[in-house]
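Subject: A structure for you to look at

Hello,

Here is the structure I promised to pass on to you. Please open it next to this email and follow along as you read.

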Amino acid sequence: MLSLSQGKESCSSQLCPQKFFKKGTALFTHSSVQKEDHAPYLAYLKSNFNPCVGVLIKASWVLAPSHCYLPNLRVMLGNFKSRVRDGTEQTIYPIQIIRYWNYSHTAPQDDLMLIKLAKPATFNNKVQVLPIATTNVRPGTICTLSGLDWSQENNGRHPDLRQNLEAPVMTDKDCQKTQQGSNHRNSLCVKFGKVFSRIFGEVAVATVICKNKLQGIEVGHFMGGDVGIYTNIYSYVPWIEKTTKEKMK
């Protein structure tokens, strides 16, 4: 369990990514025509390090990858475009960060943390909660991969555009045959059928939404081909529910 004061400390080399990223070096290419997709549950975890994405699962709680614990973290909700404001923008600091107890780099399937916000989010058309999946998903199910991209006019370090695409869930057997999946067990594997440019991979396809519920969140350093590795959320429902109920006050 990490307090806000701990969040201001420097990260160790094992816990944080390097303090830079280079846009345009990821594996994706996209159309020159971009539009904002509907994904009001996405939260951008803004810091001085590499971008990360979480999901608003309750008014005061964001679920995110544990490797996204970063110093000076701010949770951004609503409109992410800095040049065009529409009144939906919200910046909320965390008051507590709780990592899954078994998380380590040798157990990447436990790459989860809960962020308690200093105040509840204000709901609007661009800020909504997303329920978590309480059952497993069948292989072959077509799910939505929801994440953030950089709009064509954005030359900054922070993404500003919600993007969705569809992709099928793989069988565990097929996943284990891939280079990415061979090192990750008890995780959710997705086959990318489409790729897009000018994107930082772990932000672009950060979440898996199946039947309008959060099924998966990306595991750190999962890129390297056409397969995405995600933490399977349904396995962690008891921990999520217990933690968020205990910390309500």
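Are C143 and C210 buried or exposed? Both of them are buried, where buried means under 20% relative accessible area, exposed means over 50%, and partly exposed lies in between (1.4 Å probe, protein chains only).

Before going further, a word on where this comes from. This is a predicted model, in which local features need pLDDT of at least 70 and side-chain atom pairs count only at pLDDT 80 or more, while totals for chains, interfaces and linings use all residues. Residues are numbered from 1 along each chain as its sequence is written, and side-chain values use heavy atoms, with hydrogens and water left out.

Now the overall picture. The chain has 3 helices and 14 strands; these are DSSP runs, numbered from the N terminus (helices: H or I, at least four residues; strands: E, at least two). Of its 249 residues, 54% count as buried. Among contacts with a separation of 6 or more, 72% come from residues 24 or more positions apart, a contact being heavy atoms within 4.5 Å.

Next, the disulfides. A disulfide here is a pair of cysteine sulfur atoms within 2.5 Å, and the count comes to 3.

- C143 and C210 are joined with an S to S distance of 2.0 Å. The torsion about their S-S bond is about 110°, so this disulfide is right-handed. C143 sits in strand β9 (residues 142-149) and C210 in strand β12 (residues 207-210), so the pair ties together parts that are 67 residues apart in sequence.
- C52 and C68 are also joined, S to S 2.0 Å. Their torsion is about -80°, so the disulfide is left-handed. C52 belongs to strand β3 (residues 52-58), and C68 to the loop between β4 (61-64) and β5, 16 residues apart. C52 counts as buried at 6% relative accessibility, and C68 does at 0%.
- C175 and C189 have their sulfur atoms 1.8 Å apart. With a torsion of about -65°, this disulfide is left-handed. It links helix α1 (residues 172-176), which holds C175, to strand β11 (residues 187-191), which holds C189.

Finally, have a look at β5 (residues 74-77). Strands β2 (residues 42-46) and β5 run antiparallel, joined by 3 bridges; two strands pair if DSSP finds at least two bridges between them. In this pairing, L45 stands opposite V75. Strand β5 also runs antiparallel to β6 (residues 90-92), again with 3 bridges, and there L77 stands opposite Q90.

Happy exploring!
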